[in-house]
Amino acid sequence: MPASARPGKRLTRRRPNWPVSEGLPIALQELTDSELELLHLVADEPFLSLKQVADRLGVKPKTVANCKTLIAAKVGIYGHQAVNEYAVSVRDWLEKIGA
């Protein structure tokens, strides 16, 4: 069975539906609900491996890796560790928007 045909949970691609707060980083406004969920988890526990994050979200490690790559591209950084550092730096905003 090809990998694309495997059943499993997929991260959604919906846009967040919160009112834009004054001062909210523009990059956060561009992220989907699933990307924000991943950032929130990583902000709380930045030293989790891809597998550990995947287990907590109920997805595959490759899905987490792809999501981190998309986040990095949207916020203008490079690398998964940089995404972890970014998540920690915007933790307060993540709490405010309820991600």
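These are my notebook entries on a predicted model of one protein chain.

**Ground rules.** I number residues from 1 along each chain as its sequence is written, and my side-chain values use heavy atoms, with hydrogens and water left out. As the model is predicted, local features need pLDDT of at least 70 and side-chain atom pairs count only at pLDDT 80 or more, while totals for chains, interfaces and linings use all residues.

**Entry 1, the whole chain.** I looked up the secondary structure and found 6 helices and 0 strands, in the order α-α-α-α-α-α along the sequence. My helices (H or I, at least four residues) and strands (E, at least two) are DSSP runs, numbered from the N terminus. Of the 99 residues, 38% are buried (under 20% relative accessible area; exposed is over 50%, partly exposed in between, with a 1.4 Å probe and protein chains only). The chain exposes about 6,300 Å², and carbon and sulfur atoms supply 54% of that area (Shrake-Rupley method, 1.4 Å probe). I also checked contacts (heavy atoms within 4.5 Å): among those between residues at least 6 apart in sequence, 52% join residues at least 24 apart.

Is E35 buried or exposed? I get 4% relative accessibility for E35, so I log E35 as buried. E35 sits in helix α2, residues 33-44. Its side chain makes a polar contact of 2.9 Å with the side chain of K74 (a pair of N or O atoms within 3.5 Å; within protein, one must be able to donate a hydrogen and the other to accept it, and residues adjacent in sequence count only if both atoms are side-chain atoms). Setting aside neighbours within four places in sequence, I find E35 in contact with E30, C67, L70, I71 and K74.

At what angle do the axes of α2 and α5 cross? I read roughly 85°, with the axes coming within 8 Å (lines fitted to C-alpha atoms over the stretch in contact, angles from 0 to 180 degrees between N-to-C directions). That makes α2 roughly perpendicular to α5 (65 to 115 degrees). On the α2 side I noted L39, V42 and A43, and on the α5 side V83, N84, Y86, A87 and V88. These residues divide into 7 nonpolar, 1 polar and no charged.

Last, I looked at Q52, which lies in helix α3, residues 50-57. Q52 has 38% relative accessibility, so I put Q52 down as partly exposed. From Q52 to V64 I have 9.9 Å, C-alpha to C-alpha, for 12 residues of sequence separation.

Conventions
Angles under 35 degrees count as roughly parallel, over 145 as roughly antiparallel, 65 to 115 as roughly perpendicular and the rest as oblique. Ala, Val, Leu, Ile, Met, Phe, Trp, Tyr, Cys and Pro count as nonpolar, Asp, Glu, Lys and Arg as charged, and the others, Gly among them, as polar.
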